[in-house]
Amino acid sequence: MKLELHRLNVKSLKFGDKTGFADGVLTVNKSELLALISEDELLGKNLDVDLAIPGESVRVMPVKDVIEPRFKLEGKGQVFPGMISDVETVGEGKTLVLSGCAVLTAGKLVRFQEGIIDMSGPGADYTPYSKTCNVVLVLEPADPNMDKHDYEKACRTAGLKAAKYLAEACKDVKPEKIESYEFAKIRDAMNSYPELPKVGYLYMLQTQGLLHDTYLYGVDVKKILPTVISPLEVMDGAIVSGNCVSACDKNSTYSHQNNPVIADMLKRHGKDFNFVAVIVTNENVTLADKRRSSSYATKIAGMLGLDGLVITEEGFGNPDADLIMNCWKAERLGIKTALLTDEYAGQDGASQSLADSCPEGDACVTAGNANEVIILPPMQKVIGYAEEANVIAGGWNGSLAEDGTITVELQAITGATSELGYTKLGAYTL
Amino acid sequence: MAFKVIHYINQFYANIGGEEKADYKPEIREGIVGPGMALKAAFKGEAEIVATVICGDSYFASNMDEATNTILDMIRKYEPDAFIAGPAFNAGRYGTACGAMCAAVAKEFNIPVVSGMYPENPGVEMYKKFAWIVETPDSAIGMRKAAPAMAKLALKLLKGESIGKPEEEGYIERGIRKNMFYEKLAAERCVDMFIAKLKGEPFETEYKMPVFDRVDPQPAVKDLAHATIALVTSGGICPKGNPDHIEASSASKFGEYDITGVNDLTSETHCTAHGGYDATYADQDADRVLPVDVMRDLEREGVIGKLHTKFYTTVGNGTSVANAKKFGAEIVNRLVRDGVTAVILTST
Amino acid sequence: MVKEIERKLPVVHMCTIVPISQTVGANRIVPTIAIPHPLGDPTKTPEEEKILRRKLVERALKALQTDITEQTVFTE
């Protein structure tokens, strides 16, 4: 399997007559983009598109998802298969990427579970999406009393459509950089690098209902048995986020497209280990499902004869139980594990960080304590609704001060403690 | 201007006497007494001991609340910037007093508190979460090492500098998790650690898995037909509109709600405040989390004596163990007071 | 929370993710249906749901009436 990423580096954004890319600037035809997302009758009349550039005194909230604009130039299928494109398998051919650019879905809250992105100030240090040039969709439901699942889906789809639209408009521009990725067939992988350990990546996805779901080729991942996927498919948007509750540690669609664990494992492939497979699994709400999925996912790893697994969790609390089961079940099959999680150690950092534990989890990296409190000074401009700070996960009644200052836990900042490891944050013990 | 520091020592280091004077009542003296000299030397003028509190170890141990309050009142007028206690080395009662005073001062005045102890001093286990305790040798021979280390740490705290890892700074690990930005992405750190583990090379986990303590089970309920059963939940069920603003995550409080005469929870009356799960089902029918309807039936049928008139609720999502513990302790006190026999706790 | 209650009153923990309850240290545990609806099942009719809920609550009451010496999961 071979995939080329054709990159254009977006350094700034502006509105203009024709959507397109030139000299580092992505021009967005606002009315065309608005018309595209307005097609969905589940969305209301007062939609807007706004721009947020790194360094600006801008706060976007509440943010639901972050998506990187991509478009397939060649090869089977199209980006976000099964969501806004056909279900055909992706991961081969050529895909255009608007690097440094992201679409944010924001606006009226689905249900007190979305996040905050500051483009400058102390909050900007914590979110990876303060460094991207963001095209912000400000959304609202057609009917304030409409079913929340429908509204969530409408927001999700609008973001994906916008991301594809922006990249597609740049499809004739000569790429500034071409990266080539290859991933071997399992048969060939088994015969390669006999001196290196065979390893895989166990990719845990949050799958617990409204604002807690993830999609694989359009399939609700709570309904799958763990399965094998190529990392190149992930780059083409095979995995799409439908969740953002406690936005700090939910994997945005952007972080799936740019999964840094996959990126690093591809880099080390052939040197430190032989990277054979990615296994995706879910984090469901019943114990039977948790037991089944952890047994099945580790069984696949065992069938592939893997020597090691990197395991990333998504979320916290009950998913800690999935993480722990995946860990000890793999270890007891003789598969060495390293875990990537984050912590909920209380605002003072003095409580236990995880809800579950096992002695086999002896190699654990964390993306920081999500309960740590941060003060976000006022911004000149807020895209969205600042008052939601008082109700979103990580905030409390009184989080928003009169002058616009917001005091919240890192939990409320989109991507702050990404368990795909997309930030440099971590923690240590005092 | 130099930072103002209050120093706490026991009767022995104040040269008042040994065990025979251990019931010495709290006293405050302007300026430096005893080991404060070593601290002064280490402060190099950047901080100044404005007063020294002296208290007998036995007196403190047998009158903890009173002694603590007396001492807090004594030091209030000095408006100190920091509080240093000891070092207590391996003296158990002295260490406990140092730790307790540090914890009380930190809570009351929100200023840095530093002590020094031998790791096996019982004061360490009791107070390390509340104070910076510099590791010292087990006896006063270690004063020459301990005082400069304590002074150095106190100065760092006073200047608001960030504090490094325990082994770098010389204090005893407090068990408090602190965020920091590393050089590398968490993903890269994880793959690095993975490779080290695969190769059998040494590596240091970033988080040691917790070990949870245990509580002995209570005896069984003997006479259910006359028992009062209370419902408690961490699933966030509350009257519609969440009147007490219980947080969607990291709850800072719990709610106590009357259900006298309530036979069924409905979407009209109750909802969930919880932000950590798909709330659709609980909002439709909160009995799915807090089974009031069934409990009422069982009460009517005489299976249980009585459903307690109040239920207790909080949001388990992202809520620290410390807060959960506090809520649990407070809730059970109220339940015991109200004559409840046993509890059904539901979690989501 | 469950442990603090257990210090003074018998308590049964009704939860879905039993391993967490076991790790944390609850003593009497009754497994429930699913995280968002531990004592319900939206795919059933309200009547069926209530019967199911009653069964689970009765199991919890049975747990409270059982003397135990170690962590026990009550599955019937």
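Strands here are DSSP runs of E with at least two residues, and helices are runs of H or I with at least four residues, both numbered from the N terminus. The views below show a predicted model.

**View 1. A cis peptide bond joins Met61(A) and Pro62(A) in chain A.** Omega of the bond between Met61(A) and Pro62(A) is about -10°.

**View 2. In chain B, a cis peptide bond joins Gly86(B) and Pro87(B).** The omega angle for Gly86(B) and Pro87(B) is about 15°, and Pro87(B) is located in strand β4 of chain B, which is made up of residues 82-89.

**View 3. Asn15(B) has a positive phi although it is a residue other than glycine.** The phi value of Asn15(B) is near 65°. Asn15(B) is found in the loop of chain B that lies between β1 (3-10) and β2 (27-30).

**View 4. An open sheet of 3 strands in chain A is ordered β15-β14-β17.** The pairing in this sheet is antiparallel. Its edges are formed by β15 (219-220) and β17 (239-243) of chain A, each of which has a single partner strand, so that one side of each is left without a neighbour in the sheet. Strand β14, residues 212-216 of chain A, pairs with β15(A) in the antiparallel sense over 2 bridges; at one position, Leu216(A) has Val219(A) in β15(A) as its bridge partner.

**View 5. Strand pairing crosses from chain A to chain B, where β25 of chain A is joined to β7(B) by 5 bridges.**

**View 6. The contact between chain B and chain A involves 61 residues of chain B and 81 residues of chain A.** About 5800 Å² is buried between chain B and chain A, and carbon and sulfur atoms account for 58% of that area. Between these two chains there are 5 salt bridges, including one in which Arg268(A) is paired with Asp192(B), with the closest N and O atoms 2.3 Å apart. The polar contacts between chain B and chain A number 35 residue pairs, counted where both residues are at pLDDT 80 or more. On the side of chain B that touches chain A, at least two residues each are supplied by β7 (177-181), α8 (186-199), α9 (280-284) and α11 (321-337) of chain B. Of the elements that build this side, α8(B) gives the most, with 13 residues. By class, the side of chain B that touches chain A is made up of 29 nonpolar, 15 polar and 17 charged residues.

**View 7. The contact between chain C and chain A takes 11 residues from chain C and 13 residues from chain A.** The area buried between chain C and chain A is about 830 Å², with 74% of it given by carbon and sulfur atoms. On the chain C side, Ile17(C), Ile20(C) and Ile35(C) lose the most area to chain A, and together they make up 47% of what that side buries. Salt bridges between chain C and chain A number 0, while 2 residue pairs are in polar contact, with both residues at pLDDT 80 or more. The side of chain C that touches chain A has 9 nonpolar and 2 polar residues, and no charged residues.

**View 8. Chain A, shown as a C-alpha trace, contains 8 helices and 25 strands.** The radius of gyration of chain A is 21 Å, close to the 22 Å that the globule rule gives for 430 residues, so chain A is as compact as a globular protein of that length. Its C-alpha trace spans about 55 × 50 × 40 Å along the principal axes.

**View 9. Chain B, also shown by its C-alpha atoms, has 11 helices and 14 strands.** For its 348 residues the globule rule gives 20 Å, whereas the radius of gyration of chain B is 26 Å, well over that value, so chain B is more spread out than a compact globule. Taken along the principal axes, the C-alpha atoms of chain B fill a box of roughly 75 × 55 × 40 Å.

Definitions and conventions: Residues are numbered from 1 along each chain as its sequence is written. Chains are lettered from A and ligands numbered from 1 in the order in which they are written. This is a predicted model: local features need pLDDT of at least 70, side-chain atom pairs count only at pLDDT 80 or more; totals for chains, interfaces and linings use all residues. Side-chain values use heavy atoms; hydrogens and water are left out. Contact means heavy atoms within 4.5 Å. Buried area is the accessible area (1.4 Å probe) that two parts lose on being put together, summed over both. A salt bridge is a side-chain nitrogen of Lys or Arg within 4 Å of a carboxyl oxygen of Asp or Glu. A polar contact is a pair of N or O atoms within 3.5 Å; within protein, one must be able to donate a hydrogen and the other to accept it, and residues adjacent in sequence count only if both atoms are side-chain atoms. Ala, Val, Leu, Ile, Met, Phe, Trp, Tyr, Cys and Pro count as nonpolar, Asp, Glu, Lys and Arg as charged, and the others, Gly among them, as polar. Two strands pair if DSSP finds at least two bridges between them. The radius of gyration is taken over C-alpha atoms; the globule rule is 2.2 Å times the number of residues to the power 0.38.
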